[in-house]
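Subject: Structure handover

Hello,

Here is the structure for your files. My notes on it follow below.

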Amino acid sequence: MTGKKIVSMLLAGSMLFSLPGAGTKARAAGVEEQVLYTSASDWAKPEIAGAYDAGLIPAGLLGRQAPLPATREELCELAVGLYEKVAGSEASPISPNPFADTANPAILKAYALGITTGTSADTFSPDEVTNREQVATMFSRTIRVLFPSGAYDTEGAPAFLDQADISAWALEHVLYMGKAGILKGAEGRFMPRALTEAQRAAGYGTTTREQAVAIAVRICAAQSGTVGPADEVGRRHFAESLLRAPLPKATEAEKLAAIDFDHRVFRPLYDPPLALSLGGEPGAAAPWSTVIPASGGGVQRFDLHLSAAALARAKKLVWQVSGLPFDGAPVDSADAKPPGLLLSGELPVAATQFSVDFSAALAAAKALTAPAVRPAGLMPALRPGGLTLPALALRTLLGSYGQQRAAAPRTFYVRAYAVDAAGAGIGDAGAGLPVVYGDALEAKKGTLWALPAAKPFSLKLAERPGEVTYGKEFNNSFVDQAERALDSNAASKLYAVLPAGFPDDLQELRLQVSLVDYAAADSWRNVPGLVCEASLFPESADFDRLLGGAPHGFAIDFSAFVPDDSALPGQAIPYYIRAVALRDSAQAGAVEAAYSRTVVVHYGKPQASSVQFFEHIALSPPIPTIERVSYVPVQWEAENWQYHYVVTRQPTEKEVFLGFGADRPYAPYAVGTKLDFTPPPPEDKSWWEEAVEAIKGFFKSLADFAAKLVNWVSKAYADLKSGLINLVVSALPDALQGPLRVALTALVDYGLASIGIPPTLPNFDQLADLGVGYLAAVAMQQAGVPADSLTAYGLEELTDKVGDGLRESAKRASPNPMNWTFIKLDPEDLYRPAHLLVELYNPYDFATPKGSLSLTVDKFMDLSQNGVNPAVTRLYAAYGSSYVCLYKPVFGLEVPAMEPGQRLTVPIVLEEYVGLPFPGCSAPVAGSDYGHLYGGLGAFNFNLFIQYDLPPITQEAARQGYAKEAIYSYSALGSGRSFSVQPGQAYGG
C-alpha cells in the first residue's frame, strides 16, 4: 500500500482530496508579486499558488528566491504548517527552549512533535542548508505523527542506484517516501546528500524551497484537503458497509469438511529433507511407539535419511533434542537456539547414525526449569505438614520396601537437519520425532485400561544355590519346580532362575523379586513389597548368556536384600520371583507386558519348620483428588475466517477515519461489533472502488496474510511472556524477585507451550486464560516457593494479575486492511483446538507432591465394519492398523504440588493426529483422512493418568499413624480417569 493510500483507502476513493484549481486567477492573487512566486520554475508555480491559498506557506518564506536550497528553519516551518493544517489543531512548542541559536516557534514545535532534532545538545543550526535525505526524513516523520496507525513498511520500495550513500538513520524514511511516490529521485538515483567538496559546491543533493513547498502540497492533497458533505457521507457509508449482519452458522462438520489440512494457517505441516528413524526406513518406528526405558541407561540410536538434493548442498548435519516440539520451519542462522533446547551436536555429512542419552536430556530439562538459587528463608524441600517423623519399629528388612520405582514417562523431540556453507539449514528442519523416555504405560486391550489375560511363559528355578554349572559330576542345572529353599548358612546366596518361552520381539526382560505374591492383574509398574529388580536388553552380552545350549539364566544375589542372620525370624521368608517381557505396542506410549509364572525361594535358618508371612499394608497415596474432567471439542475455523473481525475497544471517529472527525465515540463500532471485509461482488455499489481493490490486495494471498498473522502472533506471544514475567515478579516480596526472575526466564525460554499452550494460534490468549491458576502455581514453584506457602506469597494476587495480563493481550489488534488498533480477528470464526480441563483438589492439611500427567485418546476400530463403514474402510486400507489415535498423546505434563485446600485446573491443549504415523505404522496420517477419524468412528477412549512423586513409604506410614512390623506399599502411584465420548461432543464428569 502506498503512502498516498494510507487514508484514501479508508475514505473509499471519494476522499482522495485535492486543493482547488491552482491555476486560477483567484487562487494566485496575493502571491503573484512575491519573489517566491515570480522567481519560481514554471512547474512549481501552480503548487506554490495552491499552497499559498491553503495557508501552507509560512510568512518567512515569502519574498525569498524559490529555486534556492531550503534551510533547516524553513523546512521546519513548512512541516509544522502541514501538520497543523491536516491535524486541524495548533502544535505546542517545547519548553524550556533547548537551543541557544534559535527561538523560532516553528522549530520548537517541530522538536516537540519529534519531527526534527538539533545538530548538538544545545544548537539547531537554523540557517544550515538541508539535503534530500533530511527532507525525506522530516516529512516522513510528519506523516507518521499525523497518522500513527498507518502502514509504513518499505516492501516494494524502489531500489536506488545510490542507496549505499543514504545514511542508515534516513534509509527507512527515504524508502517509504519513494514507495509512496512523494520523493522519486531521477534516473534511478535518489541523490541523498553531497559526499565530496565538488558536490557541495554544485548544490548536489539539496532540496530547493519550491521543491519543499511542492512536497508539502502533495502530502496535504493526499492526506487532507477540504472535506465536503459528499465526502462525509462517503466515508461513513464505507465504514458502515463493514458492519457484519448475522450470518448463518456452519456446523462444525461442515467447517471440518471445508478445511484443506495440507494448506492450513493454524497447523502447518513440514517436509524436512532429512528424516529420522529408530532402525530401518524412515517411519519404520512410529512416534511414541518405541519407549526408551530409564532402566536401560536411556541411550537410543537414531538412523539418518538425507535426500540426494540436500546432500549435494550440505556441509554438516546438526541434531537437537528438546522438551517441546520445534518450530518446523527452516533454520536461518547457525546461532539459532530454539526454546526448550536440551541437547545438540554436529555430525559429518557422511554420518548415517547418532545416539542420544535421554538421561542427560532429562537432567538438562530439570536444570532448565528449576532455579539454581532458592530464596533465602524459605523451606528448601517439602515435607507433609512439616512433621517430625517418629522412628518406626520396623526391621531393616522392611525399611525400603514399597518405594515408588516407576519413572514417569515424558516426551522428548529429536530432529536433525542439514546445514549449508553459510550456516543456514537446508529446507524445513521439522518439528521433531517424538519419543517417550521412562517407564511406559501398560498397553490396554479393548477399552478403558482393560488388562490382558495372557498365558504366563515359563520360569524355572536352579536345582540348588550357587552358580549354574554344566559338564560336571554334580551339575547345578534348572528344574521345572515352583519352590526351592535357600538356607541362611549356605556357602553362596546366589540363586538362579531361567525364563523361557517369552516373545521373540521383546525390548526388555525384567526380573522382579517381592515379599508379596503378585496379583493376577498386577502391573509391573507398581509392585508391592518389591525388594529387587533387574533388566536385560536383547543387544547386551548378559542377554546372550541368558539362553543357549548351556543357559545361565538370571543369577539373583539374595545377600543384597535379605536381613542379617540375627534379625531372621524363626520361620523362613518367602520371596516371590517373576519375569516380565516388555515389547513395543501399537498403542502410543505403551508397551505390552507378558508375565512368567511365579516361583518362590524360601529363605531362612536351616530346618525352618514353617514360613513367615509378613502382613501387607497398602497405603492410599497422599495425592489430590480428581474432582472433574471436562472435554471441549474442536472449534474448526470458518471458511472465510480471515475476513471476519470484532471490535475490541470503543474507537473514536478520528480513529475510524484516521484523523478526520471528532474525538467522540463512533457509535456504530461498539465493543463486540462484528466487521466483515469480504470483498463484495462488482455490482454492489455500497463499496467504493478503491477500497474494494485495496482490501482485495490485502487478502489476495493467503500465504502473505498468514505470514503477517504469524509475525503478529509471534510478537504478541513474546510480549505476553515478557509481561507475565513482570506480573509474576511484581506480585511477590522484594526478597523473592531476583530468584523468581531467574526461574521465570528459564520457564519462558522453555516456553509456555511446555504446559500445553501453543504459541501459533491467533487466539492463544483464550487458551492460556483457561488455566491462569495453573500458570501462576507453576511459575511460583519453579521460583522456589514451597507448595504450602503459595497463598502466603501471593498466589491469588498473582493469578488475578496473570489473568488480567492475558485478557489485556486478547484486545491486541491483529493485522487488518485498515491498520486499525481496535479490531482483531473474530475468535468465534477462528480455529480453537480441543482441550481437557482437569480440576484437582487437595483435601489434606499438608502439601501434596508434584506429578506428571499422561493422556492418550485412541481406539481399536471394529474391523467387522471394514467394507461397511467408509471411515473404517479408508483408514484400514491407508494405514493397515486397527489402532488409531484422535489426538497426539501427552506425556510428562507437569502437575505442580498443591497447598492444603487448594483447587487447581490443569489445561491440556490437544493437537489433531495429522502428519505423523499411527504407532506401529509407517505412513503419516494425511489431513484429508482426519475427517474420517473425527466424524466417522464414533466414540474414542480418553485415558488420563497422573503419576506423583510420592514421599518415602516409611514417612507416609508414620504420617498415617502406622508403627507395626509390616510390608508397606502404596496402593497406586497416582490417579486416573477414563471415559469414552464422540470427538464432536462435550464431556464433563
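Arg-132 lies over the face of Phe-190, 4.5 Å from the ring centre; a charge sits over a ring if NZ of Lys or CZ of Arg is within 6 Å of the ring centre and within 35 degrees of the ring normal. Arg-72 is placed over the face of Phe-124 as well, at 4.2 Å from the ring centre.

The model is predicted: local features need pLDDT of at least 70 and side-chain atom pairs pLDDT 80 or more, while totals for chains, interfaces and linings use all residues. Residues are numbered from 1 along each chain as its sequence is written, and side-chain values use heavy atoms, leaving out hydrogens and water.

Aromatic pairs

There are 35 aromatic pairs in the structure. Rings of Phe, Tyr and Trp (its six-membered ring) pair if their centres lie within 6.5 Å; planes under 30 degrees apart count as stacked, over 60 as edge-to-face and the rest as tilted. Phe-457 and Phe-502 make an edge-to-face pair, with 6.0 Å between centres and 75° between planes. The two are 45 residues apart and link distant parts of the chain: Phe-457 is in the loop between strands E9 and E10, Phe-502 in the loop between E13 and E14. Helices (H or I, at least four residues) and strands (E, at least two) are DSSP runs, numbered from the N terminus. Phe-457 is buried at 7% relative accessibility, and Phe-502 is buried at 10%; buried means under 20% relative accessible area, exposed over 50%, partly exposed in between (1.4 Å probe, protein chains only).

The rings of Tyr-930 and Tyr-934 have centres 6.1 Å apart and planes at 35°, so this pair is tilted. Both residues lie in helix H24, four residues apart, about one turn of the helix. Tyr-930 is buried at 0% and Tyr-934 at 9%. Phe-302, Trp-319, Phe-354, Phe-358, Phe-412 and Tyr-437 form one aromatic cluster.

Strands and helices

The protein chain has 25 helices and 32 strands. E13 and E16 pair over four bridges (two strands pair if DSSP finds at least two bridges between them), and Val-497 has Phe-554 in E16 as its bridge partner.

Helix H5 (residues 72-87) is mostly covered, with 13 of its 16 residues buried. Just after H5, Gly-88 takes a positive phi of about 75°.

Regards
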